[in-house]
Amino acid sequence: MKRLFQLATALLLVSFSASAADKKHILMIAGRPSHGPAQHEHNAGVQLLQKCLEQGVADAVEVKHHLNADWPSVEEMAWANTIVIYSDGGGGHPALQGDHLQSLGKEMARGCGLVCLHYAVEPTIANGNKEFIDWLGGAFEINWSVNPHWDANFTELPAHPISSGVKPFSTNDEWYFHMRFRGGMKGVTPILTAIAPDSTMARGDGDHSGNPAVREAVKNKEPQHVAWAVQREDGGRGFGFTGGHFHNGWANNDQRKLVLNAILWTAGGDVPAEGVASTVTEDDLKANL
């Protein structure tokens, strides 16, 4: 009887260890606050998305986060199956400080996933542009891409794990578009695509507001990809999402599910057929603002 108990205990421990080993490790990096209340709420947004992941696929993931642009240790970076960055971009991008781009590159080379949300899809041309286009499949490029606020109507979604359980939806956000993608869209799958209205070109030309190329594209009603996925040659996966300016956007069930699915997919996890389920209350949205 004692031997049977010992055997059962051993099998349970092996099962538990295997289950723990199978979990996907998600490392989330939030930038510092940079706008008024409920805008660019990087810290609150990362903590909300973590809560939703742990609510929907607790058995499949282990999630850690860093706030206020704190950069993870070498050990934490090596631990991650995917790295999520929700922050300001440009010269203030946390991934472009010090040796962080090289640190990130080391993890990308081993096939780690990468997710960049909103402004975090924008490196600088001099620093990070080439790498982000490779790792994410696309990036915001000044004097080419633009950042207007507009109502984007996503009427169709592709057959992709990231769109599992996601219904067509529409939201008002600072949806960046006219992104710089990999040549020939190699390995890239557009996930959210919409026609930008003429009102998006109401501003004058500027490094973020307009240029002849984007004006021609909007005039011709060319579809604009504002979220996309890439399967990289190194086996890693990337996801770029240009929305996320408004914290209340995470209350939209379909927008939130899409991003949660993408995080799990880039980590190499299996996305449930109906997507990552989660619920968000008013109190959840107010937490950590």
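Visitor: How many residues does helix α2 have, and how far does the helix reach?

Guide: Start with the idea. Helices (H or I, at least four residues) and strands (E, at least two) are DSSP runs, numbered from the N terminus. The expected span of a helix is 1.5 Å times one less than its number of residues. Now the case. Helix α2 covers residues 42-56, which makes 15 residues. From first C-alpha to last, α2 reaches 21 Å, close to the 21 Å expected at 1.5 Å a residue. Keep in mind that this is a predicted model: local features need pLDDT of at least 70, side-chain atom pairs count only at pLDDT 80 or more, and totals for chains, interfaces and linings use all residues. Residues are numbered from 1 along each chain as its sequence is written, and side-chain values use heavy atoms, with hydrogens and water left out.

Visitor: Which residues of α2 are buried?

Guide: Buried means under 20% relative accessible area, exposed means over 50%, and partly exposed lies in between (1.4 Å probe, protein chains only). In α2, the buried residues include H42, N43, A44, G45 and V46. L48, L49, Q50, C52 and L53 are buried too.

Visitor: What covers the buried residues of α2?

Guide: Look for contact, meaning heavy atoms within 4.5 Å. The cover includes strands β1 (24-30), β2 (61-66), β3 (82-86) and β4 (113-117). Helices α7 and α8 (282-286) are also part of the cover.

Visitor: What is the order of the strands in the open sheet?

Guide: Strands of a sheet pair through backbone hydrogen bonds, either parallel or antiparallel. Two strands pair if DSSP finds at least two bridges between them. Here 7 strands form an open sheet in the order β2-β1-β3-β4-β11-β10-β9, with mixed pairing. β2 and β9 are the edge strands, each pairing on one side only. Take one pair inside the sheet. β4 and β11 (residues 237-241) run parallel and are joined by 4 bridges. V115 has F239 in β11 as its bridge partner.

Visitor: Which strands does helix α4 lie across?

Guide: Axes are lines fitted to C-alpha atoms, for helices over the stretch in contact, and angles run from 0 to 180 degrees between N-to-C directions. Helix α4 (residues 100-109) lies across β3 and β4. The helix runs at about 145 degrees to β3.

Visitor: Which residues touch the most other members of the largest nonpolar core?

Guide: A nonpolar core is a set of buried Ala, Val, Leu, Ile, Met, Phe, Trp, Tyr and Cys residues joined through side-chain atoms within 4.5 Å. The largest core has 48 residues. Within it, I26, F177, L192, F239 and F241 touch the most other members. Helix α7 (residues 253-266) gives the largest share, 7 residues. Another core, of 30 residues, lies apart from this one, and M77, L96, F132 and V230 are among its members.

Visitor: How many salt bridges are there?

Guide: A salt bridge is a side-chain nitrogen of Lys or Arg within 4 Å of a carboxyl oxygen of Asp or Glu. The count comes to 9. One of them joins D284 and K51, with the closest N and O atoms 2.6 Å apart. D284 sits in helix α8 and K51 in helix α2, 233 residues apart. D284 is buried at 14% relative accessible area, whereas K51 is partly exposed at 43%.

Visitor: Where do E141 and R180 lie?

Guide: Their salt bridge has closest N and O atoms 3.1 Å apart. E141 is in the loop between β5 (138-139) and β6 (150-154), and R180 is in strand β8 (residues 180-181), so the pair ties together parts 39 residues apart in sequence.
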